[in-house]
Amino acid sequence: MPNAEQAAKTGSTPLVLSIQSHVAYGHVGNAAAVLPLQLLGVQPVAIHTVQFSNHTGYGEFKGQVFSADHIRDVLDGLRARGVLENCCAVLSGYLGDAAIGEVILSAVRDIRAQQPNLIYLCDPVMGDVGRGVFVRPGIPEFLRNQALPEASLITPNHYEFELLCGHAVTSVPQTIETARTLLGSKQRRGPTTVVITSLRTEDLPDDRLHTLVVTNSQAWIIATPLIQCDPLPNGMGDVLSAILLGRLLTGHPVQEATALAVSSLYALVARTAPGQRDLPLITERVQLTEPQEQFHAISV
């Protein structure tokens with residue numbers, strides 16, 4: 001990752017443009033991503049796609065989904081200050097609507113004109129097992145057809161991965177083969193890496209939770225014990241993506257960065273009090289940078 005290496009050599013702080021949802025209370029979207037990035041030595045430049053009182057885990061909420069014009073205005077202000085051209089990565093998550101996604105991709109292309117090695121980590125938030133699709137119509141198609149070709153790295157959960165590829169996966173070899181159809185090549189644009197979280201296939205043990213990392217030439221799997229937690233805390237994917245990006249920007253190869261992110265998330269979930277809707281990011285912040293138990297990426 002040349003931009004990260006350059007930042008390390010000069011002692012500068014990497015800038016990450018993080019365009020996600022935001023809640024006043026709780027830890028999802030930017031409210032989940034900002035602290036991990038900061039503690040890992042990365043400076044987030046946060047733009048909110050929505051501003052809600054709380055996330056849906058707490059039930060009723062108030063607030064607004066911001067318009068594409070609002071996001072564009074904020075980006076224009078950052079561009080005028082010379083901030084965008086100095087960002088070495090873009091992180092996106094939940095989108096209020098597809099029009100906001102188009103503004104994000106425009107910013108990605110704009111920054112890449114100045115920073116050819118820009119990392120765009122796209123967390124294609126669409127849904128999950130048990131909840132189904134919970135984003136607005138048009139967003140899955142936008143993510144599949146427009147965002148995917150621009151991304152450097154995508155981090156779908158198992159359910160979202162199947163939405164992207166259009167069919168179910170039932171084994172690790174099939175998942176690896178399918179993931180590679182989404183990767184970029186000489187013939188088409190696309191990400192260099194797919195990270196699939198919460199993978200549950202027939203050839204994996206039920207008492208473990210698995211994350212699969214796939215590139216064109218290699219694949220790794222990271223397994224942790226399965227923690228029975230009901231309800232599951234919100235924002236887990238947002239935290240994992242932020243830590244993964246932060247680790248990449250501080251010099252870790254993708255399989256190590258993912259393993260460290262998985263280790264931190266496991267530690268946080270294990271320390272979440274029964275019935276709590278949010279990860280204990282503040283009280284257990286040391287786990288973001290120094291997870292107590294480290295799990296490793298195993299080549300498959």
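**Figure 1. Cysteine sulfurs of the predicted model.** The sulfur of Cys88 lies 7.4 Å from the closest cysteine sulfur, that of Cys87, which is too far for a bond; a disulfide is taken as a pair of cysteine sulfur atoms within 2.5 Å. For Cys165, the closest cysteine sulfur belongs to Cys122, at 15 Å, again too far for a bond. The structure accordingly holds zero disulfides. Cys88 counts as buried at 5% relative accessibility, and Cys165 is also buried, with a relative accessible area of 18%. Buried denotes under 20% relative accessible area, exposed over 50%, and partly exposed the range in between (1.4 Å probe, protein chains only). This is a predicted model, in which local features need pLDDT of at least 70 and side-chain atom pairs count only at pLDDT 80 or more, whereas totals for chains, interfaces and linings use all residues. Residues are numbered from 1 along each chain as its sequence is written, and side-chain values use heavy atoms, with hydrogens and water left out.

**Figure 2. Packing of helix α4 against helix α5.** Helix α4 (residues 98-114) packs on helix α5 (residues 139-150) at an angle of about 5°, and their axes are 10 Å apart. Because of this angle, α4 is roughly parallel to α5 (angles under 35 degrees count as roughly parallel, over 145 as roughly antiparallel, 65 to 115 as roughly perpendicular and the rest as oblique). Axes are lines fitted to C-alpha atoms, for helices over the stretch in contact, and angles run from 0 to 180 degrees between N-to-C directions. From α4, Ala98, Gly101, Glu102, Leu105, Arg109 and Arg112 meet Ile139, Phe142, Gln146, Ala147 and Glu150 of α5. The residues of this contact comprise five nonpolar, two polar and four charged. Contact means heavy atoms within 4.5 Å. Helices (H or I, at least four residues) and strands (E, at least two) are DSSP runs, numbered from the N terminus.

**Figure 3. Strand β11 and its pairing partners.** Five of the seven residues of strand β11 (residues 219-225) are buried, so that the strand is mostly covered. Strand β10 (residues 208-214) pairs with β11 in the antiparallel sense over seven bridges, and a hairpin of four residues joins β10 to β11. His210 has Ala223 in β11 as its bridge partner. Strand β12 (residues 298-299) runs antiparallel to β11 and is joined to β11 by two bridges, with Ile221 opposite Ile298. Two strands pair if DSSP finds at least two bridges between them.

**Figure 4. Surroundings of Thr197.** Thr197 is located in strand β9 (residues 193-199) and is buried, with a relative accessible area of 15%. Apart from neighbours within four places in sequence, Thr197 is in contact with Pro156, Asn157, His158, His210, Thr211 and Leu240.

Notes
Nonpolar A, V, L, I, M, F, W, Y, C, P; charged D, E, K, R; others polar.
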